[in-house]
Amino acid sequence: MKREESLERIRGAPADWDFLVIGGGASGLGTAVEAAARGYRTVLVEQSDFAKATSSRSTKLVHGGLRYLRQGNLALVRESLRERGRLLQNAPHLVHPLAFIVPHYAWWELPYYGMGLKLYDLLAGKFRWNSSQAVSREETLEHLPTLRPDGLRGGIRYFDGQFDDARLAVCLAQTLEDLGGVALNYLRVESLLKEHSRVRGAIVRDLETGHTCEIRSRVVVNATGVFTDAIRHLDDPGAPNIITASQGAHIVLEQSFLPGDSALLIPETEDGRLLFAIPWQGRTLVGTTDTPIQELSLEPRPFQAEIEFLLRHTGRYLTRQPAERDIRSAFAGLRPLARASAARTTADLSRAHTLLVSAAGLVTITGGKWTTYRQMGEDTVNQAEHAAGLTPRPSRTGNLRLHGGAEETGDTSHWGAYGSDGRDVHALLGQRAEWSEPLHPSLPYRAGEVIWAARRELARTVEDVLARRTRALLLDARASAECAPVVACLLAKELGRDDRWIKEQVSAFQTLADSYLPRGWTP
Ligand SMILES: Cc1cc2nc3c(=O)[nH]c(=O)nc-3n(C[C@H](O)[C@H](O)[C@H](O)COP(=O)(O)OP(=O)(O)OC[C@H]3O[C@@H](n4cnc5c(N)ncnc54)[C@H](O)[C@@H]3O)c2cc1C
């Protein structure tokens with residue numbers, strides 16, 4: 001994937017595109033892959049980097065959603081479990097089954113949670129992985145050696161999926177290109193083009209050069225997450241706002257806090273939610289919170305109260321109480337929640353996501369979750385075909401292997417995420433001795449992965465490499481800041497940048513990394 005070549009394809013496009021998708025998160029990428037797989041000429045534009053917003057800040061679970069089970073939303077759980085199964089089949093390099101344990105301390109918890117999880121097994125139908133089962137106190141402690149043993153009666157073990165969200169986003173951008181589409185980051189939609197009162201494209205600004213260009217398209221899809229209303233207002237300045245946002249924060253701790261092979265599910269927090277402590281890439285990921293928020297930002301900050309909430313609840317269940325100084329990184333993401341009034345006017349209200357078509361034909365997809373991104377894409381393209389008067393074409397993504405997913409590597413380390421590209425990555429690393437060098441003693445990444453990210457994964461900045469192509473920023477914010485100068489130099493050589501660019505990139509990334517550590521949190 002070369003950015004210049006993709007830009008050329010847009011500038012030189014002889015005819016209209018079929019689909020222009022705005023937004024390079026889960027919803028936009030899912031929609032673009034769906035459209036391209038049906039044979040539509042498709043282009044996706046993202047104002048920042050792929051998955052820069054909510055889609056790199058999830059709990060990294062591919063799951064049916066026990067929360068929805070508790071709410072009695074069985075249709076949504078069934079749909080999510082089906083999509084969980086498809087994701088494991090279509091992206092085996094990025095999705096892995098993971099065992100979860102719900103510990104029980106009171107006698108009634110075993111039948112209560114046990115029955116719920118049996119229903120979860122049942123709803124998975126043929127997509128069931130492993131049945132849930134009660135495990136003894138001893139087995140529970142074998143799988144979760146740091147769980148508080150006093151009063152523990154046993155646990156219930158069940159399976160869900162785990163994935164790397166930002167890597168799946170890059171994989172979908174690559175899949176889109178494999179299907180003949182175009183995926184471009186750092187291209188922002190500034191206004192919409194209209195013809196006979198119908199939306200027929202957009203004017204986009206290249207944020208690297210400042211240049212603008214027109215992209216004409218038969219269908220325009222707004223998949224901009226919490227920024228949905230801003231695009232709707234470009235179409236109709238009087239359109240009512242439909243999105244409210246809620247923030248979810250996570251903290252990342254050393255693996256020693258949860259050294260076993262299973263994740264811990266805390267079934268009831270002070271605010272009646274579920275909380276997870278999960279082994280992830282050699283660390284422990286704890287999340288999440290649910291805080292209503294007014295200010296929409298690409299880089300939301302965790303609140304001090306959220307950090308304290310996560311530390312307090314984790315400490316109640318673990319033998320060692322984590323403290324602020326143990327946090328390697330803390331990050332927050334914004335859930336786009338569509339208002340109920342919007343749901344009433346949806347052209348096609350499908351389970352948890354909201355799909356709207358404006359009078360001028362702008363198709364908006366919002367809500368949902370990563371797990372159901374493919375189904376959201378399918379529903380969106382069906383709706384768009386109808387709205388634009390296109391002859392419907394059947395969906396082909398149900399069994400579509402994603403880029404790199406041809407083989408099951410069985411490798412759950414970060415190397416496994418390259419899938420069938422892994423061989424080429426290793427070959428590249430072998431080309432120069434310095435490319436095999438580790439980027440940092442506390443991180444698993446090699447210098448050559450920066451080159452790969454620039455050449456093959458559309459990485460344009462130090463942040464792209466350290467936050468999303470690798471997950472260094474989330475695994476250890478301080479270590480990631482320390483390797484920023486090396487990454488900037490490697491990237492500058494690949495992209496033809498000068499010393500000034502290197503300085504600016506290092507300074508911007510180090511400021512960002514600081515905000516993932518205590519002094520950057522909002523009081
Ligand atoms: C804390 C938290 C935990 C979660 N955990 C899970 C989980 O474990 N499993 C799961 O399945 N789901 C999870 N989710 C849900 C999932 O992460 C979201 O549903 C999904 O990422 C939303 O994707 P999106 O594409 O709609 O939005 P986004 O990822 O926000 O993407 C929208 C994109 O649009 C771009 N954009 C905006 N304006 C413009 C413009 N003018 N021009 C071009 N581009 C523009 C933005 O830059 C952004 O990248 C979680 C969500 C949160 C908040």
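Guide: We may begin with burial: a residue counts as buried under 20% relative accessible area, as exposed over 50%, and as partly exposed in between. The model shown is a predicted one. In it, Arg86 has a relative accessible area of 21% and is therefore partly exposed.

Visitor: Is Glu83 buried or exposed?

Guide: Glu83 is buried, because its relative accessible area is 2%. Glu83 and Arg86 form a salt bridge, and their closest N and O atoms are 2.9 Å apart. Both residues belong to helix 4, where they are 3 residues apart, about one turn of the helix.

Visitor: How many salt bridges does a search of the whole structure find?

Guide: The search finds 45 salt bridges. A pair is counted when a side-chain nitrogen of Lys or Arg lies within 4 Å of a carboxyl oxygen of Asp or Glu. One of the pairs is Asp206 with Arg3, whose side chains meet at 3.1 Å, N to O. Asp206 belongs to strand 9 (residues 198-206) and Arg3 to helix 1 (residues 3-11), so this pair ties together parts that lie 203 residues apart in sequence.

Visitor: What are the relative accessible areas of Asp206 and Arg3?

Guide: Asp206 has a relative accessible area of 6% and is therefore buried. Arg3 also counts as buried, because its relative accessibility is 5%.

Visitor: Which parts does the salt bridge of Glu254 and Arg328 tie together?

Guide: The side chains of Glu254 and Arg328 meet at 2.5 Å, N to O. Glu254 is in strand 11, and Arg328 is in the loop between helix 9 (304-317) and strand 16, so the bridge ties together parts that are 74 residues apart in sequence. Glu254 is partly exposed, at a relative accessible area of 27%. Arg328 likewise counts as partly exposed, at 23% relative accessibility.

Visitor: Which residues are linked in a network of salt bridges?

Guide: Salt bridges link Asp49, Lys52, Arg57, Glu299, Arg301, Glu463, Asp464, Arg468 and Arg469 in a network.

Visitor: Let us turn to the ligand. Which residues around the ligand come nearest?

Guide: The general idea is to list the residues that have a heavy atom within 4 Å of the molecule. Here there are 37 residues around the ligand, of which Ser27, Glu46, Ser55, Leu61 and Thr371 come nearest. By residue type, the shell divides into 13 nonpolar, 18 polar and 6 charged.

Visitor: Where do backbone atoms of Ala26, Leu61 and Gly368 lie relative to the ligand?

Guide: For Leu61, a backbone N or O atom lies 2.7 Å from a nitrogen atom of the ligand. For Ala26, a backbone N or O atom lies 3.1 Å from an oxygen atom of the ligand. For Gly368, the corresponding distance to an oxygen atom of the ligand is 3.2 Å. Of the 1000 Å² of accessible area that the ligand has on its own, the protein covers 95%. Helix 2 (26-37), strand 8 (187-195), strand 11 (243-254) and strand 16 (329-338) are the elements that give two or more residues to the shell.

Visitor: Which side chain does Thr397 join in a polar contact?

Guide: A polar contact is a pair of N or O atoms within 3.5 Å. The side chains of Thr397 and Glu34 are joined by such a contact, at 2.6 Å. Thr397 is placed in the loop between helix 11 (373-388) and helix 12 (422-429). Thr397 is buried, with a relative accessible area of 5%.

Visitor: What may be read from the backbone?

Guide: One may look at omega and phi. A cis peptide bond joins Gly287 and Thr288, with omega about 10°. Thr288 is in the loop between strand 14 (283-287) and strand 15 (291-293).

Visitor: What is phi near in Gln281 and in Leu458?

Guide: In Gln281, phi is near 50°, a positive value in a residue other than glycine. Gln281 lies in the loop between strand 13 (275-280) and strand 14, and is partly exposed at 24% relative accessible area. In Leu458, phi is near 60°, again a positive value in a residue other than glycine. Leu458 is in the loop between helix 13 (448-456) and helix 14 (462-469), and counts as buried at 2% relative accessibility.

Notes. Residues are numbered from 1 along each chain as its sequence is written. This is a predicted model: local features need pLDDT of at least 70, side-chain atom pairs count only at pLDDT 80 or more; totals for chains, interfaces and linings use all residues. Side-chain values use heavy atoms; hydrogens and water are left out. A polar contact is a pair of N or O atoms within 3.5 Å; within protein, one must be able to donate a hydrogen and the other to accept it, and residues adjacent in sequence count only if both atoms are side-chain atoms. Accessible areas come from the Shrake-Rupley method with a 1.4 Å probe; for residues, only the protein chains shown count as cover. Helices (H or I, at least four residues) and strands (E, at least two) are DSSP runs, numbered from the N terminus. Ala, Val, Leu, Ile, Met, Phe, Trp, Tyr, Cys and Pro count as nonpolar, Asp, Glu, Lys and Arg as charged, and the others, Gly among them, as polar. Buried means under 20% relative accessible area, exposed over 50%, partly exposed in between (1.4 Å probe, protein chains only).
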